[in-house]
Amino acid sequence: MSLIGRSVKRLEDRPLLTGSGRFAADITVPGMLYMRIVRSPVAFGRLAGLRIAEALAHPGAVAVWTAEDVADIPPIGFRMTLVPGLEPYRQPILADGHVRFVGEPVAAVFAADPYTAEDIADLVAPEIEPLAPCLHPAAPPREYAPGRSTEATVIAKAYGDLDAAFAGAHAVVVLELTIGRHSGVPLETRGAIAVPEADSGILRLYGAAKVPHYNRQALAAMLGLPLDRIHLHEGHVGGGFGIRGELYPEDVLTCAAVMRLGRPVKWIEDRYEHLVAANQSRGSVHRVRAAVDEHGLIVGLDDEFWFDQGAYLRTHGVVVADLTCAMLPGPYVIPAYRSVGHVRLTNKTPCGTYRAPGRFEASFVRERLVDAIADRLGLDPIVVRRRNFIAKTAMPFRREFSALGTEIVYDTGDYAGLLGKFLNRVGWETLRADVARRRQAGEMIGLGLGFFVEKSGLGPFDDVRITLGGDGAIEVITGAASVGQGVETVMAQICADGLGTGLDHIRVIHGQTDRIARGMGAFASRVTVMTGAAVTIAAAKLRDRLLAEAGRLLQTAPDRLAVIGDRVVVCDAPSGPSLDLAAIARSAGGELTADATFTAEHMTYPYGVHLAQVRIERDSCAITVERFFVGYDVGRAVNPMLVEGQIAGGAAQGIGASLLEEFVHDASGQPQSVTLADYLMPTISEIPTIEVALFEDAPTPLNPLGVKGAGEAGIAAAGAAIAAAVDDALGRPGAVRQLPITPNRLHALLAELPAEQH
Amino acid sequence: MRSKPFTLSCARATFYDRDMSDKYDITFTVNGDKRTIRVEPRRSLADALREDCGLTGTHLGCEHGVCGACTVLIDDQPVRSCLMFAVQAEGTRVRTVEGLAIGDKLHPLQQAFWDHHGLQCGFCTPGFLMLAVGILERRPDIAEPELREALSSNLCRCTGYQNILKSVLAAAAEMRK
């Protein structure tokens, strides 16, 4: 029986359950120094100087560094979405000349004990002449640095005759929408532990995640190290969500400190630092308009938006704006389209990606617009969606632009089919009737829906090596990374399925640059698609080698043999002679190995729908999400339990993003959300059971398993669905124009209601 | 270890209390073993458990008492070990996640979290396990709404909580047997 499609329990859980996990902070080596970063207390200012004499005089001070000490290290470059000319917007390793956000590193302190390092950091006094900060992305651009505008670049994607579409429109629907600044905020803060290896001269960086291979190359180049003198190692990782594992100044500083101080160096971020210095995301303002015919068919869509990039461009470059432009059309045909995104620098924490970058934003904007079109024309919003869907028969469907360097071609999909099945599954008519009855009885309650198209499985390649050892152990070495999503279990399932073995003897390696030369890591919902495909190919090769060797030993044609569990048997004589896998490996010279590379030019596009049922408490302005449904076509689920887990977790983050989570700044640019008591993440009290309906109706032809990614499906249209549900509860279509819908924003919406509804 | 928020003036209080680095012996019981460690008075219990006792299963997610990842049991009460000084644990009985399993046999809560996919990254898991042990030992028959309320003490960023709830309910049933 195939292991693919089965909800097997995770292989990685035992150490995590028993407290024997190895997270970054758990790594300690003898003779270690601790680094503490001194951060800017002001949002924007001229850094006139830093008084460090007192800090250096502290008996525990090993070193205190400022920008001068790291002047030879260049800023961190761009990993994604290469747009020429953006280099001047990169963040220096330590602030030099100006500080541009509260939390920007200005000095690094090293001591033998973390408490002492903090004591010494308190003695470093930055001398800053404050300047007026820029805080609003849609304000007119100004000077960022001499000759540089705060508008770093403008991303645009377009096709079709937009002017004609608007000139001939039956109606034009216009919205202005705002998405708050929020982020992944994993429970484990960042950490970096750099260790010099005396014998080999190799520098090993622990605490890596997401993209260790890329970061290894980037660090080697920045620090002038030969590539073979640095390796990155991923241990247990306490959540990723896009933000963890990108290369940050603190990672570079720990490595540089090892090279100069000759001792291991550990840096563990505290939560305050995380909330001011790790990547944030999302914040943007959209002005969008749609030209429609009298049936609600969208004939033209025109969006202009301003993305709040924060103080610098980091590793992601302009990927969020790029994906927002690319994914806005979503599941709809839209014959004429234009999206223009202004990437604007502000004096806030720099931005990168957060789970479903560009899709959370785009789905909110697009689905708000579709609801507004329905309202304007007096149509059922579901009918408007059906009229605009790309037909199943139009697949594969090509958009006339690219994203992440790949052309956008929707591979497979039956959007109308999924919506129909989903509405049946959730009992749509019953839900509507219940809500109508409760509303009649005086409750403020509503239903809202958002449809989305996701992207997953970004290439261009993944390598895998599978080795069967003479002890019977099977090692699957991947260039993938694991941020807690169950990579080891899923890869082991795919490997076991390909070989014919069980899961027991399979060990999956990820995130170790000394075990495999290349690796793309874990982002963009790519691992099950890309690494999984490479495992499929490698397992098939290894199986062929295994059977050939067994055939030689058993004097039997390999096509009469099969692997069952840990033995090779003769198919038509199961009680006859058989061979132990370990023995076969030993006879083949000690071990059997197969390598495989999977390449993909195009991403694969899963899709789905979110449906929220919310209740408003008029007096307290509280919004309760009573029910939350997700329908999703994942192509093929390797482990449905883990897919549902991914979706449930994403949906919880989506509910947080829609109602609670926001990085707020005061007029001077001081961040106000600097503890977990200010930055509100949902607890179990705010999250209902996430009701997931998984479908496998549209497997992709782009990989051997037919799988599509699942990591970002839970969050993609959560904002859209909750906004629509709140509108419905208010009885005012189009009321919600800003996320998150905090109590004070809801209070303003309630105050706008006509008197009889109060 | 979180520092105070920065002030705009950048002025520094040069306050540095010499006594802060004097060390004190404290004796307490950790997972049944009596231990004596020597710590600065300002050392948090979480740091003492992790660094001085080598029990890194207790995790620090915020160090200001909100996330609950550092929850341990002190005299059977769930406590945020980041909000307590080690010296305050003098004479107490501390239980951490490392003390739950007996040999290879997992505690019913650990087993239930495994069976019901109650963890993803696993960082919040020790805190949730210790919180749930504390709840179920006192209230083996706790009803679901109250259990939800109690579990809202801690944060998880991966699971969306439903499998945590499912796991604790399953363990409660198992522990009542």
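Select H3(B), residues 125-138 of chain B. This helix is mostly covered, with 12 of its 14 residues buried. The model is predicted, so treat each stop as a look at computed coordinates.

Colour the buried residues of H3(B). They run from B:Thr125, B:Pro126, B:Gly127 and B:Phe128 through B:Leu129, B:Met130, B:Leu131 and B:Ala132 to B:Val133, B:Gly134, B:Ile135 and B:Leu136. What do they pack against? In chain A, the partner is helix H1 (13-18). In chain B, the partners are strand E3 (71-74), strand E4 (77-80), H2, H4 and H5.

Now check the length of H3(B). The end C-alpha atoms are 20 Å apart. The 14 residues should span 20 Å at 1.5 Å a residue, so the two values agree.

**Chain B as a whole**

Zoom out to chain B. How many helices and strands does chain B have? There are five helices and five strands. Follow the sequence and the pattern reads β-β-α-β-β-β-α-α-α-α. Of the 177 residues in chain B, 50% are buried. Take the contacts in chain B with a separation of 6 or more: 61% of them join residues 24 or more positions apart.

**Where the chains meet**

Show both chains. Here 55 residues of chain B are in contact with 57 residues of chain A. Four helices of chain B each supply at least two residues to the side that touches chain A: H2 (108-115), H3 (125-138), H4 (144-151) and H5 (162-176). Which element gives the largest share? H2(B) does, with four residues. Colour that side of chain B by class: 27 residues are nonpolar, 18 polar and 10 charged.

**A buried valine in chain A**

Go to A:Val630. This residue sits in strand E29, residues 622-633 of chain A. Is A:Val630 buried or exposed? A:Val630 is buried, because 28 other C-beta atoms lie within 10 Å and 20 or more is the cut-off for buried.

Then pick A:Ala612, 18 residues from A:Val630 along the chain. The C-alpha atoms of these two residues are separated by 8.9 Å.

**A three-stranded sheet**

Select E24, E25 and E26 of chain A. These three strands form an open sheet in the order E24-E25-E26, with antiparallel pairing. Strand E24 (561-564) and strand E26 (578-580) stand at the edges. Each has a single partner strand, so one side of each is left without a neighbour in the sheet. From one strand to the next, the twist averages 25°.

Zoom in on strand E25, residues 567-570 of chain A. Three bridges join E25(A) to E26(A). Pick A:Val568 and look across: its bridge partner in E26(A) is A:Leu579.

H14(A) lies across E24, E25 and E26 of chain A. The helix runs at about 120° to E24(A).

**Last stop: H9(A)**

Finish with helix H9, residues 359-377 of chain A. The helix has 19 residues and reaches 26 Å from its first C-alpha to its last. That is close to the 27 Å expected at 1.5 Å a residue. H9(A) is mostly covered, with 16 of its 19 residues buried. What follows H9(A)? Select A:Gly378, which comes next and has a positive phi, near 70°.

Key:
Residues numbered from 1 in each chain as written. Chains lettered and ligands numbered in written order. Predicted model: local features only at pLDDT ≥ 70, side-chain atom pairs only at ≥ 80, totals over all residues. Contact = placed C-beta atoms within 7 Å. Nonpolar A, V, L, I, M, F, W, Y, C, P; charged D, E, K, R; others polar. Expected span 1.5 Å × (residues − 1). Pairing = 2+ DSSP bridges. Axes fitted to C-alpha atoms, helices over the stretch in contact; angles between N-to-C directions.
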